[in-house]
Amino acid sequence: MGRYASYIYNKVVAVVKDMDMAQEVTQITFIKAYDRLELWRGQDLCGWLTSIAFHSALDALNKEKRRRGSPLNENKETTEQEEDSFQEEREQQLQKLEEDIRQLPAEERKLIEMHYYKKLKTEDIARQTGLTQSNVLVRLHRTREHIKKLMGGTKYD
């Protein structure tokens with residue numbers, strides 16, 4: 001939480017335009033993330049948290065508008081522009097990730113493809129590669145660390 005709280009808060013403030021509401025939505029984001037931690041598949045944690053935060057911010061705005069009785073589409077244009085900006089930023093991040101995965105040595109790339117693209121469990125990967133399951137886990141961890149280093153030029157570390 002300490003690592004991502006200010007980043008998430010800044011993203012939420014950009015959506016809700018209210019510092020108190022942004023603090024509340026940031027807290028809600030981390031609670032939701034904790035409650036749904038089993039759904040996180042090891043992908044970029046910052047992106048996952050940002051997605052939760054964005055949807056939580058939109059929910060908070062909609063609740064506030066309903067509470068006040070104002071039309072739901074009052075700030076629709078602004079929200080759509082922010083969502084487009086978020087989507088563009090996310091797309092750039094995913095493109096960078098794909099480039100970095102292509103730069104990996106063949107053995108590391110193969111493990112990543114098997115685990116994340118083919119959705120194979122580590123025990124299945126171990127059987128197919130002749131490695132032990134714990135060795136597969138260690139190599140996946142090291143490969144993820146390698147990818148983090150490759151992505152070092154991004155703000156998503």
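Biologist: At what angle do the axes of helix α2 and helix α3 cross?

Modeller: The axes of α2 (residues 19-35) and α3 (residues 45-68) cross at roughly 130° and come within 9 Å. Axes are lines fitted to C-alpha atoms, for helices over the stretch in contact, and angles run from 0 to 180 degrees between N-to-C directions. Helices are DSSP runs (H or I, at least four residues), numbered from the N terminus. This is a predicted model, in which local features need pLDDT of at least 70 and side-chain atom pairs count only at pLDDT 80 or more, while totals for chains, interfaces and linings use all residues. Residues are numbered from 1 along each chain as its sequence is written, and side-chain values use heavy atoms, with hydrogens and water left out.

Biologist: Which residues make the contact?

Modeller: From α2, they include Met21, Val25, Ile28 and Phe30; from α3, they include Trp48, Leu49, Ile52 and Ser56. Contact means heavy atoms within 4.5 Å. The residues of this contact divide into 12 nonpolar, 2 polar and 3 charged. Ala, Val, Leu, Ile, Met, Phe, Trp, Tyr, Cys and Pro count as nonpolar, Asp, Glu, Lys and Arg as charged, and the others, Gly among them, as polar.

Biologist: Is Ser56 buried or exposed?

Modeller: Ser56 is buried, with a relative accessible area of 4%. Buried means under 20% relative accessible area, exposed over 50%, partly exposed in between (1.4 Å probe, protein chains only). Leaving aside neighbours within four places in sequence, Ser56 is in contact with Val25, Ile28, Thr29 and Lys32.

Biologist: Turning to the largest nonpolar core, which residues touch the most other members?

Modeller: Of its 21 residues, these are Ile8, Val12, Val15, Val16 and Leu49. A nonpolar core is a set of buried Ala, Val, Leu, Ile, Met, Phe, Trp, Tyr and Cys residues joined through side-chain atoms within 4.5 Å. Helices α1 (5-16), α2 and α3 each supply at least two residues, and the largest share, 10 residues, comes from α3. A second, separate core has 11 residues, including Leu104 and Ile112.

Biologist: How do α5 and α7 cross?

Modeller: The axes of α5 (residues 106-117) and α7 (residues 133-150) come within 10 Å and cross at roughly 105°. That makes α5 roughly perpendicular to α7.

Definitions and conventions:
Parallel < 35°, antiparallel > 145°, perpendicular 65-115°, else oblique.
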